[in-house]
Amino acid sequence: MIEIGIALLIAGVSYALQYIFGRIRFWREKREYIQQNSGYIEQLEKMDAEYRPEKPDVEMALRCKEYLSQVFPNGINERTQNMSKEELLSLFERMVEDAQQLMDVNVGTVDFYSTDEPPTCGYCGYYSHSDRSLHINVAFILSGEPKLIEEQVYTIFHELKHARQWAAVEGKLNGIKDYGYSDEQIKIWAENFNHYIPTCISDELYRKQPVEFDAYGFETILKGERQFEVIS
C-alpha cells in the first residue's frame, strides 16, 4: 500500500510540474509573439471592423446561400436529424466538394478529424495555407447536437473562405488570378497572413483581424443575418 501511495504521489507531482512548466512555456511564447508582432497588433486595435464585402464576395455568398437553400430546403436540422453517421459524413464530404466549386478554390487535402488533444479538439475546423489543407472536426458533426451540426455546415464555407483569400494573395503575387478583389483588399489579407493572431494570443484580436473578420462576415450572409443584393 505504501508503495502505491508513493507512486501516486510521484505521479501527481509529475503532472503538477508538467502543468506548471507548460503554463510557463505558454506565457513565455505568448509574450514573445506579442513583442514580435506589436506593431501589427497596435494597428489591429485601431482598425475599423465593419464588414464591407467587395463585389466578388457578395456574388459568391449569394451563390453559396442559394446552394444551401437547395440542399436544406426545410432547414439544416430537418434534413440531418434522422441521418445515420455514414449518411452525415457522406453529406458533408459532398458539401466540401460542391463548396470548392462554388468558391473556385482547390484544397490539397480534406481531413475530417477527431482528437482529444487541445487546441484542435475545440476547433470547428481550420484551413492551413502552408499545405492547402482543410480540416473539419468530425466529432461535432457526429455529436447529435443540432446546433453543432449546423455550425459545421457553415464551417466548411468559413474555412474555404480562407482558402479563397490565400488563393487571391498568391494569384495576385504570381499574376495568375485575383478573383476581382481590389489591390487594397489583397494587400490587407497578405499582411494579416504574415501576422496571423491565434485565439490563444487574444480572442478579441483573433476575430477582429481581417482574414477572420472577413470569413465570419461571409458566414453572416449565408446564415441570413445580413441581406445583400448583387453589387453592380
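Helix 3 passes helix 7 in a right-handed crossing, where right-handed denotes a near helix turned clockwise from the far one by less than a right angle, and left-handed one turned anticlockwise. This is a predicted model, in which local features need pLDDT of at least 70, side-chain atom pairs count only at pLDDT 80 or more, and totals for chains, interfaces and linings use all residues. Residues are numbered from 1 along each chain as its sequence is written, and side-chain values use heavy atoms, with hydrogens and water left out.

**Helix packing**

Helices (DSSP runs of H or I, at least four residues) and strands (runs of E, at least two) are numbered from the N terminus. Helix 3 spans residues 55–71 and packs against helix 7 at an angle of about 155°, the axes being 12 Å apart. Axes are lines fitted to C-alpha atoms, for helices over the stretch in contact, and angles run from 0 to 180 degrees between N-to-C directions. Helix 3 and helix 7 are therefore roughly antiparallel, a term for angles over 145 degrees, while those under 35 count as roughly parallel, 65 to 115 as roughly perpendicular and the rest as oblique. Contact (heavy atoms within 4.5 Å) involves P56, D57, M60, C64, Y67 and L68 of helix 3, together with V153, Y154, F157, K161 and R164 of helix 7. By class, this contact has eight nonpolar residues, no polar ones and three charged ones. Here Ala, Val, Leu, Ile, Met, Phe, Trp, Tyr, Cys and Pro count as nonpolar, Asp, Glu, Lys and Arg as charged, and the others, Gly among them, as polar.

Helix 3 also meets helix 10: their axes come within 9 Å and cross at roughly 45°. The two helices are therefore oblique to each other, and their crossing is right-handed. From helix 3 the contact uses D57, M60, A61, C64, K65 and L68, and from helix 10 it uses D214, F218, I221 and L222. Seven of these residues are nonpolar, none is polar and three are charged.

Helix 7 packs with helix 8 at an angle of about 110°, with axes 9 Å apart. That makes helix 7 roughly perpendicular to helix 8. The contact joins K161, H162, Q165, W166, A168, V169 and K172 of helix 7 to D183, I186, W189, A190 and F193 of helix 8. Its residues comprise seven nonpolar, two polar and three charged.

**Pockets**

On a 1 Å grid over the protein atoms alone, a pocket is an open set of points where a 1.4 Å probe fits, with protein on both sides within 12 Å along at least five of seven lines; lining residues have an atom within 4 Å of a point. Grid points are joined across faces, edges and corners, and a volume is the space filled by probe spheres set on the points.

| Pocket | Volume | Lining by class |
|---|---|---|
| Largest pocket | about 640 Å³ | 10 nonpolar, eight polar, five charged |
| Second largest pocket | about 380 Å³ | nine nonpolar, three polar, eight charged |

The largest pocket is lined by 23 residues, of which G125, Y126, Y196, Y206 and E212 are the closest to its centre. Strand 2 (125–128), helix 7 (146–174), helix 9 (203–208) and helix 10 (210–222) each supply at least two lining residues. Helix 7 provides the largest share, five residues.

In the second largest pocket, 20 residues form the lining, and D48, E50, Q185, I188 and P210 lie nearest the centre. Helix 2 (38–45), helix 8 (183–194) and helix 10 each give two or more residues to this lining. Helix 8 gives the most, with five residues.
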